[in-house]
Amino acid sequence: MIMRTLCCLVCILFGFYPFVLALDGRSALVHRQAQQNSSAVLVDFQVYKPVEFVPESTGCNEVLLLMEHQFAFSYGHPFVGNYVPPACDFDTVRINLTVTSQGRQYDRLALMFLGDIEVFRTSTAEPTTNGIIWTYIKEMSQYLALWKTPQKLIFDLGNLIDNTYTGPYNVTLTASFTKQNNVRVADVILPISSRQSANNVSSAFNVPGDNATVALKIPQTASRAIVSISACGQSTEEFWWSNVFSQDTDDFNSTVGELYGYSPFREIQLLIDGVLAGVVWPFPIIFTGGVAPGFWRPIVGIDAFDLREPEIDISPFLPLLTDGKAHSFQIKVVGLNTPPNGPVTLSQSVGSYWVVTGKVFVYLDDGTTNNSVNASERRVLPKVVAPKPEFTITRNLVQNSRTGANESLSYSVKGKRTFSITSGSTSWTQTLSYSNVGLLNQQGISQRNILSTTGESSSSGIGLDGTQTEYRTTFNYPLDVNTTYGIGKNSLTINALMSRGLEISSTGGLGISTYTLTSGPSDLQTKQWGTAYYSSITGGSSLSSGETTDKFTETSGGTTYNRYVRAVNGTVIDNGQNSEPISPLAQSGWRFSPGRASVRSILGRGPGKLYG
């Protein structure tokens, strides 16, 4: 049972209180910035524009403990609790997630549900021998319609504990409830999920194994509707942006083993009654064990602690959807078919697997300002213009002239797509562009991918105030990753270089966006770059090191936040203010024991066997 409290006790780990709530409900994180000391707990963090956990309130001011739980051997065993709203008038909800861990462990994916609806997707940092801690504060007011009523809270963080991987995750989740006279948010939220909360398990689909299709009834008084989609690849799809064409998956079996196919392109599709309603070309998320673990201590990857959810405006479909009948909503993930002779087409499947959910944010007609407009609009059926996406590819497999062995593979994919749907004065349009140039050489031991995904979306229609409105969002996802493996009889090494970014500019939209994570106009530009190294001896010790720089700027809510931070081997040496000398720990990297036997057991790709 989730308790209401003004003084929240949380787990005590490593002999200190990582999180403290004062009697007035204000939160404070106790930072022990002792990273210069090799025995210190490492404070991990994501660079993002800070969110105040308990802002000044005009009325309600409550803090609730939602969860205090240890995730050890927790696959298939999520935390389940019962949420009861505070007895006051609130319109702003924010959560504080604080996590500690000590030992050895992979990064893990975590999903939070209120009932059948996913409201937060995050991932973990990888622990160290001396332990780690991080806190992430997230705006959750876009889910106000859910927070206003009792809910079953399910927090699913699958983890494994054995003789080698010893780190449980100790998680504390609190929520603040205040009155801010906030922007209007959706009146109704409907799930596109497997709806398994009654069984006390996650409601996520695993695609392509699951058919991610649901039937939903949209309220007949719906004025506007937005679908947000949460989706990320796992297992053979975690590094989808580095996959090869399906005919090349066995090119380097003798050196790195099977490669993963369906090309390095992915599209997430939303279909309503079988008709394409919009697409997502996904951001290449990299979790804290990705590419090379040394990149992500203590700075984690872009959005690793808060995976954004792209949005599709389905308001043009409302003339069909508000007939009082159930309608089909489906989410699909597709790649490319790239036959040696023949046109490039979208595949009907991908590898295993993508974790997928969605939700429909419905804004109801208030009956005063735009009811007459809605009445006339409902008679206009939508017009969909969805030409097939255009792709061009190149491929060159080079073989040794003497032995016939495959030596290198170069390939590229370039694509573009346009989409529009119009109904009366309401429309949704998308323009997307994609480029990925890949090279595997040294018989597949070295790989580089240079990726660029750009796009623009716009929606127009009668706003909630009865006037014509238009919203526009542009994005850019650049990525350049170069990884080289060294494989010895009883040893392995990883050398990696990384440069990546995220750029989003938006004029704003309805409510609080699950994509920009704010309301109103916003402009975000962030970039990460660095180098990392890993080496290990089978049955012996391992060494990991890395250097990462993160440059971040976001203007939203009328303010601008800038941060420049650089870390070397777990030590922040430049935080945009004062540079610090590199400590002995930062110079030497981290030593672990025992070393792992294959690259694939560390990263999920590369030489060796895939971890289970």
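Guide: Leu524 is buried, because its relative accessible area is 5%; buried means under 20% relative accessible area, exposed over 50% and partly exposed in between, with a 1.4 Å probe and protein chains only. The model is predicted, so local features need pLDDT of at least 70 and side-chain atom pairs count only at pLDDT 80 or more, while totals for chains, interfaces and linings use all residues. Residues are numbered from 1 along each chain as its sequence is written, and side-chain values use heavy atoms, with hydrogens and water left out.

Leu524 is found in strand S30, residues 522–537. Helices (H or I, at least four residues) and strands (E, at least two) are DSSP runs, numbered from the N terminus. The C-alpha atom of Leu524 is separated by 5.4 Å from that of Glu503, although the two residues are 21 residues apart along the chain. With neighbours within four places in sequence left aside, Leu524 is in contact with Arg308, Leu502, Glu503, Ile504, Phe552, Thr553 and Glu554; contact means heavy atoms within 4.5 Å.

Now the whole chain. The protein chain has 612 residues, and 59% of them count as buried. Its secondary structure comes to 5 helices and 34 strands. Among contacts with a separation of 6 or more, 73% are between residues 24 or more positions apart.

Next, the nonpolar cores. A nonpolar core is a set of buried Ala, Val, Leu, Ile, Met, Phe, Trp, Tyr and Cys residues joined through side-chain atoms within 4.5 Å. The largest one has 99 residues, and Leu270 and Trp241 are among those with the most contacts inside it. Strand S29 (residues 491–506) supplies the largest share of this core, 6 residues. Another core lies apart from it, with 53 residues, including Ile117, Trp147, Val171 and Phe177.

Aromatic rings come next. Rings of Phe, Tyr and Trp (its six-membered ring) pair if their centres lie within 6.5 Å; planes under 30 degrees apart count as stacked, over 60 as edge-to-face and the rest as tilted. By this rule there are 22 aromatic pairs. Trp134 and Tyr169 have ring centres 6.4 Å apart and planes at 70°, so this pair is edge-to-face. Trp134 lies in strand S9 (residues 132–139) and Tyr169 in strand S11 (residues 169–178), so the pair ties together parts that are 35 residues apart in sequence. Both Trp134 and Tyr169 are buried. Trp134 also pairs with Phe305: the ring centres are 5.1 Å apart and the planes are at 10°, so that pair is stacked. Phe305 sits in the loop between strand S17 (275–280) and strand S18 (311–313), 171 residues from Trp134.

Tyr83, Phe90, Trp147 and Phe177 form one aromatic cluster. Lys148 lies over the face of Phe90, at 4.1 Å from the ring centre; a charge sits over a ring if NZ of Lys or CZ of Arg is within 6 Å of the ring centre and within 35 degrees of the ring normal. The charged end of Arg605 likewise sits over the ring of Phe239, 4.9 Å from its centre.
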